[in-house]
Amino acid sequence: MEILQTVDLKRYFGDTRAVDNVNLTINEGEFISLVGPNGAGKTSLVNVVSAYLRPDSGKVIFMGKDVTDMPVTERVKIGIARSFQLVNLFDDLSAFDNIALAIFSREGKTRNLAKLAHLDHAVSAEADGVLGQFNLMSKRNVPARDLSQGERKLLDVAIAYALKPKLLFLDEPTSGVSTRDKGQIMDTIASVVRGEGITAIIVEHDMDVVFKYSDRIVVMQQGAILAQGAPDEIRKNDQVAMVLLGTSGPDAFTQKD
Amino acid sequence: MQTKNARGGPSTALMLAGVAAILIALIALPQIADVYQTQLLTYGLVFAIAALGFNLLLGFTGLLSFGHSAYFGLGAYSAAFMVRYLGIGSMEVFIVFGLVIVALVSAAFGYICVRHTRIFFGILTLALSQVLWTLAYKFFWVTGGTDGLRVAFGNLTLVGGLIDFKGRGAYQAFVHNYYYYVLFLFCVCTALMWVITHSPFGKALQAIRDNETRAQFLGIQIRRYRWLAFLISGSFTGLAGILWVPLNGLVTPDVLYWPFSGEIVFMTVLGGFRSFAGPIIGAVVFNYLRTYAVASTEYWQFLLGAVLVILVIALPTGIVGTINRVYGKLTGRS
Amino acid sequence: MDILAIQFLNSVFYASILFLIAAGLSLIYGVMRIVNLAHGSLYAFGAYVTAWTIGTLAAGAPIWVLFLLLPAGAIAVAVLGALIEPTLLRPLYNRPEEYQLLVTFALLLILEDSMHYLFGGVPLTTGPVIDSMGTIPVLGLRYPAYNLLVIFIGIAAAGFLWAFIYRTKFGVILRATSQNMRMASALGLNVKRVYVLAFALGCFMAGLGGAVVVPAQAAVLGMGIEALILAFVVVVIGGLGSLEGALIGALIVAFVRTAAIQYFAEVELAVLYLIAAIVLLVKPTGLFGRA
């Protein structure tokens, strides 16, 4: 079943065609990687679909409903969530509070000013659960600004996940993280996301990560979709290899430098 | 007993013990201190309520208002109008109707102001507060102009008319009873604000303060929450104004003039605007500071200005922040 | 008709003063992103220094000497600004802007009492300066020629500032730093020097406003606090950081206020604040401001 469809989506910045007539369909439960060289428009596409930016023309259809004009806060309510490439956390609040906030908002409880937050056991328990799933329990009461870069990235994803979205965008969830931690972080994210059947679209540069976890890879270049398909198909695609790596040939993607 | 919390500051048990001790001291004060000191502390508690309200916007929502004199003054003038034009003497009536008026104006001003942030927000709050000031100043046949309006305690009643201040010893009775009245309301306000700032709503405000974008992406409607915070903030400060005017006996446009807004900011920063108790402590300390400065030198503004400079440059976290830091160092790193 | 002519001249006179103050405020904000709450007090300080220099220090000196001493206030305030920036403002550049606002408020408190201490509580005047220029006939009424001098100074200042900012090398540096401080610094520009000079220049303008107004209007305590609000209204309407904005804003405020005082005295200030609030609602950056 289709969960997301973009129809002739366009977003320009002056002469730059960041999103150039993109028609993308995502099915429920898929784990999609969005790849492409810098400036290909991956983040812009995510920005438009998540309502961070408005499109110049075209439509965004989510679960059969036209959400093109829907503002950010409403899109979140209907089930679209995202994490950010440049970590976006509530720095003075603890890791626990960051996640609890997402849950409070999801449940519509943020309007509540007459009850003490930490007395809501349902929310506390769930927040602790999420912390556990993302291996952040040991940093529960630490202010977000004091976490390590890898932990901050995980928390960024965890907050978006805590919204229990139907569609989750992750913008470079492992960028800025040491290679050693990358695998662990992606394992955590993938297992959590797959375990709940959340449709996920991740913007990634690390092709190892992309090949390992994706159901489908969408390759973008200069605002348009160049190719898309299962990892095996993409691996064999010379044009893609040229665009992403600058070389082609049967072993292009497995060559290490 | 655990003495430290996760951030290195005093633990909850220790804090509760401290609060209890302070409360006992506050209740005992009029029994041991003289009339002057009692009245002085009453002023301190009134300003504490004002600063508490103000800080909901600054410390918790990240909005610096330079126009809070508007709500304080509006509360004060509302009570004064009720005395002058309606002959009312009941404190409860002042509070109820004064709050309604202040809430309405806060809602209106807030609606205008929260569409902007940072500097423009500050300037807007300043401009709107000065609209009220010029009205009070210019329409002197209504507001008494610079002479102001008097609110004599002789006609005042507390607790629905049960307590009044006539006859011999009325002044002492007034100071004594009014102190406890204000203390009670101060405790209620503190408790209310505590719940609000520790509620999911309070957390949402802090999220907006820390990262507006992310808060939006959590589904929080920024403008609406800021507006609500503004409304609550203005109301608390307005209540302080209502409580202030019987104490002062007189309301003049000075209380709407923008430097008074600056004083509210000053006292909050003095105590430490990143903490709950900071504004309370700052207001009480500032009140003492100002009183003694005024008493000791003609150039007390200079003194206060110098204190503020030192505060901003050397101790930006204010009294509470500095105490937390010192406490953390004394008891070793957590 | 003759009253209108006088009102017109008064408005332009008032606008000249407002322009001097507001241009300084806008310059400081434009280059340094600081809202200087002490700006009105600096204007007052300029008025006091000039009044004291002419009215007390050099009292009895020949008229041409007194005229020469008029800029004393402006120079004094500029020097003061050059001392204030490195001591009070520079330590706070890396802090949130709320702190800068607070330190300028502290400066206001310090300045107000300093003026009280230095110059006393009695209004200071400049004695015979304004009368020495006599009056000129305007449609049957007589108007102080000194006010016309002030208008001329205002226009000259606007011209000078414009030329300085848009036609000199330092002006280019100033504009570069205001648009992108980090980049300017990375390009090797001495940002510290730019900042102290910009601040001193802004203070000079405020001080000049005070210096030229004081022959017409005695220096009194509290004049700075009142002036700051008006300066704010001017830059809000005209646009924070814009020179043209300060000019147009000053004209609008001056004309509206003069007319309002004449016809609706009670609401003359309220009208101005409401105009400012409306401008902030409709075009938050002001008529000529950038975001």
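**View 1. Chains B and C bury area against each other.** In this predicted model, the area buried between chain C and chain B is about 4,100 Å². Carbon and sulfur atoms give 79% of that area. Chain C brings 43 residues to the contact, and chain B brings 43 residues as well. Two pairs of chains are in contact, and chains B and C share the most contacts.

View 2. Three salt bridges are counted between chain C and chain B. One of the salt bridges joins E97(C) to R118(B). Their closest N and O atoms are 3.9 Å apart. Nine residue pairs are in polar contact across the interface of chain C and chain B, both residues being at pLDDT 80 or more. On the side of chain C that touches chain B, α4 (72-89), α5, α11 (223-238) and α13 (268-282) of chain C each supply at least two residues. Helix α5(C) gives the most to that side, with 16 residues.

**View 3. An aromatic pair crosses from chain B to chain C.** Over all chains, the count comes to 38 aromatic pairs. In the pair shown here, the ring centres of F273(B) and Y99(C) lie 6.1 Å apart. Their planes meet at 55 degrees, so the pair is tilted. An edge-to-face pair would need an angle over 60 degrees. F273(B) sits in the loop between α11 (258-271) and α12 (278-296) of chain B. Y99(C) belongs to helix α5 (residues 97-119) of chain C.

**View 4. A second aromatic pair lies within chain C.** F45(C) and F119(C) form an edge-to-face pair. The distance is 6.2 Å centre to centre, with 65 degrees between the planes. This pair links distant parts of the chain. F45(C) is in helix α2 (residues 39-57) of chain C, while F119(C) is in helix α5 of chain C. The two residues are 74 residues apart. F45(C) and F119(C) are both buried.

**View 5. Aromatic rings gather in chain B.** Which residues form this cluster? Y43(B), F47(B), F72(B), W244(B) and F260(B) form one aromatic cluster.

View 6. In chain C, the charged end of R95(C) sits over the ring of Y99(C). The charged end is 5.0 Å from the ring centre. Y99(C) is the residue that also pairs with F273(B). In chain A, the charged end of R82(A) sits over the ring of F84(A), 4.3 Å from its centre.

View 7. Chain A and chain B bury about 2,700 Å² between them. Of this area, 64% is on carbon and sulfur atoms. The contact takes 36 residues from chain A and 28 residues from chain B. No contact joins chain A and chain C. The closest C-alpha atoms of chains A and C lie 15 Å apart.

View 8. How many salt bridges are counted between chain A and chain B? The count is three. In one of the salt bridges, the side chains of D97(A) and K203(B) meet at 3.2 Å, N to O. Chain A and chain B also have 14 residue pairs in polar contact, both residues being at pLDDT 80 or more. On the side of chain A that touches chain B, α2 (72-78), α3 (95-106) and α5 (149-162) of chain A each supply at least two residues. The largest share, five residues, comes from α3(A).

Definitions and conventions:
Residues are numbered from 1 along each chain as its sequence is written. Chains are lettered from A and ligands numbered from 1 in the order in which they are written. This is a predicted model: local features need pLDDT of at least 70, side-chain atom pairs count only at pLDDT 80 or more; totals for chains, interfaces and linings use all residues. Side-chain values use heavy atoms; hydrogens and water are left out. Rings of Phe, Tyr and Trp (its six-membered ring) pair if their centres lie within 6.5 Å; planes under 30 degrees apart count as stacked, over 60 as edge-to-face and the rest as tilted. Helices (H or I, at least four residues) and strands (E, at least two) are DSSP runs, numbered from the N terminus. Buried means under 20% relative accessible area, exposed over 50%, partly exposed in between (1.4 Å probe, protein chains only). A charge sits over a ring if NZ of Lys or CZ of Arg is within 6 Å of the ring centre and within 35 degrees of the ring normal. Contact means heavy atoms within 4.5 Å. Buried area is the accessible area (1.4 Å probe) that two parts lose on being put together, summed over both. A salt bridge is a side-chain nitrogen of Lys or Arg within 4 Å of a carboxyl oxygen of Asp or Glu. A polar contact is a pair of N or O atoms within 3.5 Å; within protein, one must be able to donate a hydrogen and the other to accept it, and residues adjacent in sequence count only if both atoms are side-chain atoms.
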